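Welcome! Please take a moment to look over the sequence and the 3D view, then read on for a short tour.

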Amino acid sequence: MKPYKFEPYLKTTIWGGYQIAPFKGIYTAQPNIGESWEISGVPGHESIAVERGLVDDVDVGLNLTQLIDKYKGLLIGQKVYKRFGNKFPLLVKFIDSRQDLSVQVHPDDKLAMERHGCAGKTEMWYVIKSDVGSKIYAGLSKSITPDDYEQLAYTEPVNGHSPMQDVLATHEAHEGDLYFLPAGRLHAIGAGNFLAEIQQTSDITYRVYDFGRKDAHGNPRELHVEQARDAIDYQVWPEYRTSYDSTKPTSQLINCPYFVVHRVVVQVAQQVDFHCDSFIIVMCLWGEANINGIHIRQGETILVPACENILYIFGNATFLTATM
């Protein structure tokens, strides 16, 4: 089973920019592309398999859910299939923020299941590039109570500034920065950031503050202040940026119950075995290479089946990989 490429879902957003299409080497007249959903099992937006260089490839045109139903554990791993069935557990994206995104929070699995009948949302960001002065907002800078939070969230902004901004931990963004965002952590991507996002398959978001922004019809975007109250982790942590060893050719970035992420830097050739019963998602951040017989270049993402999950890489490139 050769790795799969999928048709990306390009999503226009009110805060989106213009970098995703050129980064991926594609042309489109679509404006304000804020997200490229690279591999998705989200109902209604399941990724569609495209040509893999095989003659009469019967899998071309099938969506990810259909592929899992067809190949089961061979594709995603026996343990993964036993746990998730035909639901693909991860969603990976490229994100381009021309404006600040809303301040938001995601519920954990327990709260999301109670309210929405689905998984919660833990995610991570890897900054691919950022403009000078760009910011990442992640976590709380000072201790507040749930009552404090509601008061701050409902206070009208003054000269475009909300008191909610005063309690958010604000970080200067730099290329290669890594942020782990467990469910419950308040966060927002600041303007001028281009990043990769790896998350649980969930589209549940509680928007807390939106910088007074209006939608395409001139109306304020919906906020979810009360829903977010019980979802927020009010603990103040000493550090929100995640450190890793950037000097290694293969560095583990995140190891949590929902995904394991590595950064892989290849110069000429490398063999990588993560010793896991899982699919491998490979996102190419720079350069180009051949992986298990499939050519991949900057801005492309492939899904390597669990039954062929040792990576044989030839080329000069930097990748993020995600497994379970």
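## The largest pocket

The lining of the largest pocket is made up of 12 nonpolar, seven polar and five charged residues. What you are looking at is a predicted model, and in it this largest pocket holds about 530 Å³ of space. Its lining counts 24 residues, and those closest to the centre are Lys 87, Phe 88, Cys 118, Ala 119 and Thr 201.

Helix H4 (78-84) and helix H5 (109-116) each give at least two residues to the lining.

## The second largest pocket

Next comes the second largest pocket, with a volume of about 410 Å³. Here 22 residues form the lining, and Lys 11, Trp 15, Glu 35, Gln 104 and Thr 205 lie nearest the centre. Sorted by class, the lining has nine charged, seven nonpolar and six polar residues.

Several strands take part in this second pocket. At least two lining residues come from each of strand E2 (9-17), strand E3 (33-39), strand E4 (90-97), strand E6 (123-130) and strand E10 (187-189).

## A closer look at Glu 35

Glu 35 is worth a stop of its own. This residue sits in strand E3 and is among those nearest the centre of the second largest pocket. Is Glu 35 buried or exposed? Its relative accessible area is 8%, so Glu 35 counts as buried, the cut-off for that being under 20%.

Which side chain does the side chain of Glu 35 join in a polar contact of 3.5 Å? The partner is Lys 93. Leaving aside residues up to four places away in sequence, Glu 35 touches Tyr 9, Leu 10, Lys 11, Trp 15, Ile 20, Lys 93, Phe 94 and Ile 95.

## Helix H2 and its buried side

Now turn to helix H2, which runs over residues 64-71. Leu 64, Leu 67, Ile 68 and Tyr 71 are its buried residues. These four lie on the same side of H2, because they cover an arc of only 100 degrees around the axis. Among the elements that cover the buried residues of H2 are strand E1 (4-5), E3, helix H3 (73-76), H4 and strand E17 (301-304).

Both ends of H2 have a detail to look for. At its start, a side-chain oxygen of Asn 63 comes to within 3.0 Å of the backbone nitrogen of Thr 65. Just after the helix, Lys 72 has a positive phi of about 50 degrees.

The largest cavity has a volume of about 50 Å³.

Its lining is formed by Gly 139, Leu 140, Gly 184, Arg 185, Leu 186, Ile 232, Asp 233, Gln 235, Trp 237 and Tyr 240. Five of the lining residues are nonpolar, three are polar and two are charged.

## A loop residue, Asn 219

For a last stop, find Asn 219 in the loop between strand E12 (206-209) and helix H7 (225-229). Its relative accessibility is 41%, so Asn 219 counts as partly exposed. That class lies between the cut-offs of under 20% for buried and over 50% for exposed.

Which residues does Asn 219 touch, not counting residues up to four places away in sequence? They are Arg 213 and Lys 214.

Notes:
Residues are numbered from 1 along each chain as its sequence is written. This is a predicted model: local features need pLDDT of at least 70, side-chain atom pairs count only at pLDDT 80 or more; totals for chains, interfaces and linings use all residues. Side-chain values use heavy atoms; hydrogens and water are left out. On a 1 Å grid over the protein atoms alone, a cavity is a set of points where a 1.4 Å probe fits but cannot get out, and a pocket is an open set with protein on both sides within 12 Å along at least five of seven lines; lining residues have an atom within 4 Å of a point. Grid points are joined across faces, edges and corners, and a volume is the space filled by probe spheres set on the points. Ala, Val, Leu, Ile, Met, Phe, Trp, Tyr, Cys and Pro count as nonpolar, Asp, Glu, Lys and Arg as charged, and the others, Gly among them, as polar. Buried means under 20% relative accessible area, exposed over 50%, partly exposed in between (1.4 Å probe, protein chains only). The arc is that of the directions from the helix axis to the C-beta atoms. Contact means heavy atoms within 4.5 Å. A polar contact is a pair of N or O atoms within 3.5 Å; within protein, one must be able to donate a hydrogen and the other to accept it, and residues adjacent in sequence count only if both atoms are side-chain atoms.
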